[in-house]
Every structure is written in C-alpha cells, then in structure tokens.
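Hi everyone, thanks for coming. Have the sequence and the structure open while I talk, and stop me whenever you like.

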Number of protein chains: 4
Amino acid sequence: MIGIEDEKFIRGKVPMTKQEIRILTLAKAKINETDFVVDIGAGTGSLSVEAARLAARGYVFAIDRDETAVDIITQNAEKFSIDNIIIIHSEAPAGLISVPRIDVALIGGSGGKLTEILNSVDNKMKPGGRIVINCITMQNLVTGLDWLKKREDYRYDAFQVQINRLQQVGDYDMVKALNPIAIVTAKKFQLKKVTTVISMSDAILKETIPLPVKKSGEKADGTK
Amino acid sequence: MIGIEDEKFIRGKVPMTKQEIRILTLAKAKINETDFVVDIGAGTGSLSVEAARLAARGYVFAIDRDETAVDIITQNAEKFSIDNIIIIHSEAPAGLISVPRIDVALIGGSGGKLTEILNSVDNKMKPGGRIVINCITMQNLVTGLDWLKKREDYRYDAFQVQINRLQQVGDYDMVKALNPIAIVTAKKFQLKKVTTVISMSDAILKETIPLPVKKSGEKADGTK
Amino acid sequence: MIGIEDEKFIRGKVPMTKQEIRILTLAKAKINETDFVVDIGAGTGSLSVEAARLAARGYVFAIDRDETAVDIITQNAEKFSIDNIIIIHSEAPAGLISVPRIDVALIGGSGGKLTEILNSVDNKMKPGGRIVINCITMQNLVTGLDWLKKREDYRYDAFQVQINRLQQVGDYDMVKALNPIAIVTAKKFQLKKVTTVISMSDAILKETIPLPVKKSGEKADGTK
Amino acid sequence: MIGIEDEKFIRGKVPMTKQEIRILTLAKAKINETDFVVDIGAGTGSLSVEAARLAARGYVFAIDRDETAVDIITQNAEKFSIDNIIIIHSEAPAGLISVPRIDVALIGGSGGKLTEILNSVDNKMKPGGRIVINCITMQNLVTGLDWLKKREDYRYDAFQVQINRLQQVGDYDMVKALNPIAIVTAKKFQLKKVTTVISMSDAILKETIPLPVKKSGEKADGTK
C-alpha cells in the first residue's frame, strides 16, 4: 500500500512531497505493475520509491537537476531496497531523452519549463497514459491547465489540497498548515478517427459519376 | 481603518496575529469609540494597537503573562503613539480584576483556562457586549463553543479561516500557508424576563379567592 | 488501487465520502488482504466497496442505521461485484455485536455515540489494529482525540483536509470547495508488560532466605 | 465599521460576496472618506453599500452588465439609505467611460476582460490609488498577477482565503466550506523620476564652458 511515513525517508535539506500529497498523487496516477513511470523533479525520491513499489515489474525514471537530490534519491532507493529506479541527473525535459516510453508522468519541479516538459512527455506517451502534476505556484497550475485545454486527446481533473496537521502538545492539538498543492491529473485518450461522410441528393447519385474514394484527412484529390 | 501591515509592528520572538486575522477579528468585534476592550493573551499587542485606535475614547486592557510580550506591547504602543492601552502583566483570568467593565473581549491565548476566562469576562459584561475568541487548538475551540451553547444569553457564529499568501518569486507566486485559526464571535443579549401567568378556571375565579400577587407583564387586573 | 471515481457509485440522496477523502482514509488504514474491517456509518458504501477490494480474503462489515443507505450499499456491492461485504442494518455500537473481530475500523457517522463506538471497537481489536475516524464536526474530532489521549496503548496522528476542486467552465477553472474533513488515524500497540527484576548480590543469594513473591508495582516489602 | 451580516442584504439569485470576504476586501482597499470607488461586477451591491459608507463624501460607481443585479443593487442601496452609489448598467471596461476618476477599484466579475479592465482602471488612477481583485478562477488570478508583474509602478500582495463556517446543529458544529477566493491588492506608486546629476571637478567648472541644459532621460548630447 501507499503512504510511507515522512520520517522514514532520508531528507537532508531537499524539499519533500509530504505523505498525504504522495498518497493522493499516487492514487490518482493509477500505476500498473509493468508501467514505465517518470518522476520529474524527484527531490528526495519519496514519490519515486513509492511508485517503484507499485510498478514492481516496470521502471521509475527519477529526474532531478540538483546533485544533492540525486544523492538522496540514491540513498532512499537503497534504504527501501528498490532496484527499479533509474536516476537521471539532468534538467527536464532534456533528461527525458533516455526514457524509452512513458506510461505515467509525475511532474513536481519543472524549472520554468512545464510546457516543454508536457510536450516531451506527450511524445513518449500512448493513449491510456496518465500525467499527474503537483503545482506549488499559481503560474505552473495555469500553464498546465492551458496546455491540457488545448489538447482534445487529454481529459483532466484538478483540485487544490490543503492539509492541516494536528500537532500534539499535551492535552491540546494545535493546527499546523502544510503549504497547499494543486494536483492536476490528465489521461490521454485515443482521438476518434473522424470519418467524412458526404451526402448527395438522389439526383446526383442516379448519375453514375465515378465518385472519388474518400478517406478521413485526405483532400478531395486524394492527397493529404 | 483596520489592517496595519505585519512588518510595521515590533515583534521579537513573540507570535503575532497576522494582518488578515486581525482584520477579521476587529471587524467581527464591532468596537465602538468609547468601548472598554480587553485583549487577553495580547502577545505583540498588534490587536491591542488596532483596537485602541477604534476605541479612541475608550481603553484597551492588554493582558499577557509573558514579560517579553509586555515589553513588546509597550514598544508597539509607543511606536504607534497609542495612549489608551493599559498593559496588565498577569495571567488571565486573574489580571481581569483590575478591568472595571468589558464591552469587547478579544481572547487569543488562554493558557488552558478558557472556561474561567469566559466566566470572568461575562461577569463584567452587559448585554450588547461582544467576545471574539481566536483558537489555534481544536480543544479550545470546542471548549469555547460548549460554554456558549450552555448560555441562553449569548448567540455566536464561528468560522475557520485559512490564509495562503502568495509569495512573489520572480515570475512566479508560490502558495505559502499560514496556520488556520478558528474565530468565534459571541454577542451577549438581554434575556427576556419570563413572566409567569397563572390560568384559572372561571369557577375558581368566581370564588373570591384573594388573587395572587401580580408579576411583571400583567395589567393591574391580572389580564394582559 | 484505491480511488474509484465518485460518479461510478450509486448515490441516491445519501451523503458520500468523496474520492480524495476515500483515498486518504484507505491509505491511512493500511488494510491487509485478510483483514476484518468495519465501516461504521457506511452511507453509500463507497468506502466499504474499496475496503472490500483491499481485504480481498477478509470481510467488510458495513453498518448503517438508515434503511436507504442499506439499500444503496447493497446496490453498490452488486455493481462492483463485491461478495465480502456484510451489511448490518443497525445503530452503532449495537451493530458491532455480530462482528467477530476487528482489524481495521473506519468510523464515519457515529450518531453522537463516538465514545461508546470506540470502546466497543477497542474490545474487539488486538494490538496492530487501526482506527480511522472521519470527522465533520469539531465536537466529534475532540471527542475522538480525548479518547485517544487517555489510552496509552494507542498512538495517533490527525489532520484536517480541505479539497477545492477546479470546475472546468470553458477557458476557466473555478475553485469549488468540498467541506473539510478531519481524519484521525490511530494504531493499537501492545503495552509493554513491566517486569520487575530484582538483582541481588551473590552474597545474599547464597543465604537461603525465602524471597518474597514480587509483583510489578509493589515495593520490596509487599506494600504498594 | 465594515462587515454587515449577509442576511441583511437583499440577494435574489445573484451571487453575493460573503461577509468575511467583504471585510478583507474593504480593509485591504483602505477607502478614504472622499474616494471615488468603482465596484466592477457589483452583483448584489453588498460591497458597494459598505464601500459607500466608507467613502461617505465620495462616490461608488457600481457596474454590472446583468439587469437583475442592477435591480438588486438599487434595492440594497435604498434599504441601507445610501445616496452616493451611482449604478452603471454596462459591461466593463465599457462602463468605466462615465467614471471621472478612480481612487479605489474593486474588481469582482470581469467577464473575461480583466486585462482590458485593468488598463482602463489604470488610466483613471493616480499614484496612491488601490486595486483589489477578487478571483474565483485560477486564470483570472494569474492574468491579474501577470499584469501587475509587468508594471513597475504597482506593488501588490496576494492571498487565497478559505472560510469554513461552523453550522450549529444541536450539540454539534458542522464545518461547511465557502468557496475560496484569491484577493490581490495592488497600490499604484509614483515612479521616481531619475534625475541625472553630473559631477565635475572644480578645474572643469572653472573653465566657463556653457554647460548643456539637461533633462531627465536625455543623454549628455541632448538626444534621448
């Protein structure tokens, strides 16, 4: 099951996706056992570790441009005895070059290149693939939503989640806020092939003109 | 107007009620120009300073048991040239002894004695008075609600407020949560005097029994 | 995996735990394949259905006092071809009588009897068991926290979760709030048996004094 | 003071800015007694009414394109005996034509034309003016932030506010969420005129070269 406790991960000073957010992100990602998952802006690798357990016969490609992060991802993969994480020390989308295919993309950090990352991810993703974006800025959220709104082959849902943990202080429980995150989940669909149907009047049909054989997307003269 | 910027207050290491919460607290308190206001658990005195401006011909009694807080309240009162704040270095409700009457009570810190504080405040408050409690623990919130539910002469409304500030980082705005606060606002009402009416059958009335001594709300002849 | 879409459940007019809350509740519950799960105040049975998939070789006892709810749980169990849900049409804790043992308790509705429910659940729960309470009122939250604070054999964490869904309206995404829920997760532990060990010098041991029979908490002389 | 209770306004089916949001919006707007305020997308006029009380010797121009809204604003202005609201039945920014100057702009509904509205508002606003935008969509929020980020003569702060009201149900208080709002507050500043000062050594000054008359922004040779 998903939802490893935060304190079980090695963290250093790298920001970590918190347990509750990891749970929601992974549940929305609907990772299958043989999936190829990319974790872009992997940070501590906490999401990568949990994703790698779900994609037990697949792979998680953990991409981060920060050297300290790469170190800590390595340590966490070892700590949890995960052997199906491939760590890519690179910026995104550049680092995606070495990812053969993508079934699920988890996008955390995007270094100001979310549109380019989404384009690259999309190129390696077949219908049925899923993208889950965790946004901590309003601009990234809207950039992601804009990209998705233009794409007829993606459908998405999105929500903002705010977690307020109750910190036990003697007889009291103090409310302590975590920073809210917006989670956008998109699924790629097969676009229906639009078949052009030409209706003609009986009069025309009665004339025995040899009609052009027409396929979707072709021009009348048969070229594309 | 209410809503002084946070950075204009001297703070030290004393926790401060944030601008947005101050605005809501003061607006709900509906402080009049001649009101006597108590600010219990005054902290930096940020609420006291703003309350003192509203109660320009009244007084604010700022109570805090912490010496550092008392120092900082003093400094803030001076900084904002407020001369109608009376600082009481004491625990609550003990410190309320030297408050002659209360029109508005702002309750922040309660040191585990919210019920006692509410009892003491109530003793010095006439109908029309208002209490605004800011709660950072679930237990204090429920303690306050319980006290109010038992009192027929108080009506309250309550809400939890969560402020997520957008922090400007170059082209981006990152969402940063403040801890949520529950704000309970109560108003004291004049309980209607319940008039006892004794109905008697005509038969009894016709016997010339000496009629019972009349109570408030009855006409001289016993009818209404 | 957890997280069935809301619209796949039959709902009627019964309130339903929303997808995001179900995900968090189930992840925190850490349900094992052979677990006996009770879902108290099961409502539409959405949690029961998802729990029953996780406890594939165990059982889910779905308890609800409302007849309409019982109907809808039945329909949802059928719709998702679940055969390990046992529906108990009863109040809680009364309905718990027919539950042989509890590994995981999911407590939604409690009909004002949360303390009694927790006592009953605890009676049927061994160390290692987990309780997840979803609270929509402040009072139930504090009642649950109070019960847990008194129990040395339970440890808990708690958080409030607020989900704001983005509703797609043309080029825009409007923020629509779901009501916040507090989720309290508790785990039962084996209290360590305190065994008193008395060390004596060899010299004493060699004397064949008949040693007092000692119980934990007693002083050497047998008094407490 | 600000913060009229919601139920005191006539509402019909027009969406209304809730009390807590009105309080925060008005406090951030820092309306002065003689200000000219525009309320764009005025809805029920609840903000206009409260703004008109603050700008007691100024005016509030309440703009709404919806006829029902115009009716209800009229009714609310009458109910609260406000005589300094001028209602403009028009779209924005078109309706701004008849507004002579703007000290404070409150922007609620923007009908997809936030950028144009901000440009128009800015044209009628002097340094010292304030704009408060209430956003219910992510796109409008980012559009507003983008406009402000490009303007050196504006400084802004922004926050998202979530109000969860406690609804009294017998012994319980149920948490009911209002939809969250992002509030962006911007203030217009006087851009400092950069005055070029050329320092010359005494030696040079003693030579009686006729110095060029220099204006801000000109190069030494008098070109721009």
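Helices (H or I, at least four residues) and strands (E, at least two) are DSSP runs, numbered from the N terminus.

This is a predicted model, so local features need pLDDT of at least 70 and side-chain atom pairs count only at pLDDT 80 or more, while totals for chains, interfaces and linings use all residues. Residues are numbered from 1 along each chain as written, chains are lettered from A and ligands numbered from 1 in the order written, and side-chain values use heavy atoms, with hydrogens and water left out.

Okay, helix α1 of chain A, residues 19–29. Here 11 of the 11 residues are buried, so the helix is largely enclosed by the rest of the structure. Among them are Ile21(A), Leu24(A) and also Lys28(A).

Now step back to Met16(A), in the segment before α1 of chain A. Is Met16(A) buried or exposed? Buried, at 7% relative accessible area. Contact means heavy atoms within 4.5 Å. Beyond its neighbours within four places in sequence, Met16(A) touches Asp6(A), Phe9(A), Arg11(A), Arg22(A), Thr44(A) and Ser46(A).

Last, the copies, superposed by least squares on C-alpha atoms of residues with pLDDT of at least 70 in both. Chain A lands on chain C by a 180 degree rotation with 0.0 Å of shift along the axis, RMSD 0.0 Å. That is the relation of a two-fold axis. In chain A, Gln162(A) has the C-alpha nearest the axis, 2.5 Å from it.

Technical notes: Buried means under 20% relative accessible area, exposed over 50%, partly exposed in between (1.4 Å probe, protein chains only).
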